[in-house]
Amino acid sequence: MTAASATPALPTTRPAGCPFDPPGSYGELRETEPVSRVRCPAGMDAWLVTRYQDVRAVLADRALSSRGASSVHVNPNADLDEEVSPGSIIQLDGAEHSRLRKKVIAEFTVRRVEALRGYVQELVESHLDAMLAKPGQADLVADFALPIPSLVICELLGVPYADRSRFQRQSGLLVSTDATPEEGKQAYDELSALMAELFTDKRRNPRDDLFSRLISRGESDGDPLSTEELVVLGLSLLVAGHETTANMIALSALVLMEQPAQRDVVLARPERAVEELLRYLSVVQFGVLRYATSDVEVGGRAVKAGEWLVAALNSANRDEELFPGGDKLDFDRESPRTHVAFGFGAHQCVGQQLARVELQEALTRLFRRVPGLRLSVPRESLAFKHNTLVYGVRELPVAWG
Ligand code: HEM
């Protein structure tokens with residue numbers, strides 16, 4: 001065996017029978033080798049950072065770049081030299097990133113997101129109506145968890161109602177783990193074309209939606225976003241906000257079906273419960289990628305310029321120093337918002353308030369209206385998404401009544 005092939009692989013195997021726990025080796029790594037060398041699925045070697053404080057330090061360090069990064073470590077077909085599109089907010093650094101982020105973040109304030117709560121409530125209720133109209137069984141992923149975030153993004157983008165089902169079909173294909181690369185590429189191209197059309201129309205006929213406001217603000221402050229930037233930004237919101245939220249809804253529902261005593265807390269204190277579910281499930285399961293633009297030190301290790309780092313969010317969120325008894329779902333934790341499920345630092349999730357509202361509304365309304373919700377298949381038969389950037393369950397057959 002050569003020295004190179006001895007580099008251990010990025011941990012991906014969860015302990016048998018514990019689908020909600022991160023790979024078992026994380027606990028050991030945090031104790032013995034908190035910054036260790038691993039080989040990523042995309043083939044490159046990286047420093048794996050597993051302790052909470054080190055993960056936060058990595059994500060706050062401006063010498064550690066997101067350029068071209070974020071998730072390419074998980075994709076064996078990734079082209080590491082591909083140029084970053086303007087508008088791809090998650091992959092930009094420095095002034096380019098802050099320019100875009102400043103424009104977008106104004107649209108995700110608590111006030112703006114609270115204004116969307118009524119729409120989210122209507123969506124949740126109408127999907128529950130449709131689900132309950134079925135004869136006693138449904139797939140909670142396809143019938144509930146997936147369509148809600150995608151329709152919320154349609155609302156944000158200002159997609160006309162008549163186009164929403166087409167938009168939804170394509171965005172479903174774009175994030176689907178079962179779609180072939182050709183189908184994924186075709187969905188990307190179709191969505192890009194749909195968005196370009198939409199934004200051209202919005203320049204002429206602005207309405208009261210996020211993208212119309214971004215366009216008109218850009219025109220009035222003399223720093224407009226190009227159609228290409230808007231399209232890539234729209235796609236970034238779609239990709240970042242769709243599967244993450246959908247998988248969180250489905251996995252949270254599964255946890256709560258298995259631990260029915262916890263449902264009362266969700267109904268009584270949804271804000272607190274959702275934070276703990278975000279920590280416990282940490283769906284961005286392979287963490288986020290950065291690379292060093294200069295020599296830095298991380299957790300006592302010397303990291304050289306040009307080396308990659310993986311900030312393991314799911315490991316950080318189980319670090320016993322911060323989260324005693326971290327492998328347990330505990331809605332009474334102090335400071336429930338200290339988790340890093342939404343990342344940290346310059347790229348911390350812009351959609352986090354919206355995700356919280358979607359999760360609160362989806363989970364409380366689901367269990368209030370369907371108190372007898374249960375899995376309709378043995379848990380062992382569920383297929384979990386072990387190899388995708390965002391963890392989740394492929395289908396969630398449920399029954400009620
Ligand atoms: C439970 C749901 C969600 C989770 C767990 C999640 C997680 C994350 C994480 C970990 C990052 C940081 C990536 C990095 O540092 O490289 C991130 C960034 C981002 N998220 Fe989310 N996200 C969620 C929902 C959403 C929603 C609903 C939206 C918007 C509709 C959204 C839009 C974004 C964007 C645009 C970024 C990039 C921000 C930047 O680079 O400045 N996310 N998200």
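**Reading salt bridges in a predicted model**

Mentor: A search of this whole structure, which is a predicted model, finds 32 salt bridges.

Trainee: What is the general idea behind such pairs?

Mentor: Side chains of opposite charge can pair when their charged atoms come close. Take Glu33 and Arg301, whose closest N and O atoms are 3.2 Å apart.

Trainee: Where in the chain do Glu33 and Arg301 lie?

Mentor: Glu33 is in the loop between helix H1 (25-32) and strand E1 (35-39), while Arg301 is in strand E7 (residues 301-303); the pair links distant parts of the chain, 268 residues apart. Glu33 is partly exposed at 33% relative accessibility, and Arg301 is partly exposed too, at 31%.

Trainee: Which residue forms a salt bridge with Arg369?

Mentor: Asp129 does, with the closest N and O atoms 2.7 Å apart. Arg369 sits in helix H14 and Asp129 in helix H4 (residues 110-132), so this bridge ties together parts 240 residues apart in sequence.

Trainee: Lys202 forms a salt bridge with Asp209. Is Lys202 buried or exposed?

Mentor: Lys202 is buried, because its relative accessible area is 1%, below the 20% cut-off. The closest N and O atoms of Lys202 and Asp209 are 2.9 Å apart.

Trainee: Which residues do salt bridges with shared partners join into one network?

Mentor: Glu114, Arg117, Glu125, Asp129, Glu361, Arg365 and Arg369.

Trainee: And the ligand: which residue is the only protein donor of its iron atom?

Mentor: Cys349, through SG at 2.3 Å. Cys349 lies in the loop between helix H13 (313-316) and helix H14 (352-369).

Technical notes. Residues are numbered from 1 along each chain as its sequence is written. This is a predicted model: local features need pLDDT of at least 70, side-chain atom pairs count only at pLDDT 80 or more; totals for chains, interfaces and linings use all residues. Side-chain values use heavy atoms; hydrogens and water are left out. Donors are N, O and S atoms within 2.8 Å of the metal (3.2 Å for Na, K and Ca); water is not among the atoms, so sites may look incomplete. Helices (H or I, at least four residues) and strands (E, at least two) are DSSP runs, numbered from the N terminus. A salt bridge is a side-chain nitrogen of Lys or Arg within 4 Å of a carboxyl oxygen of Asp or Glu. Buried means under 20% relative accessible area, exposed over 50%, partly exposed in between (1.4 Å probe, protein chains only).
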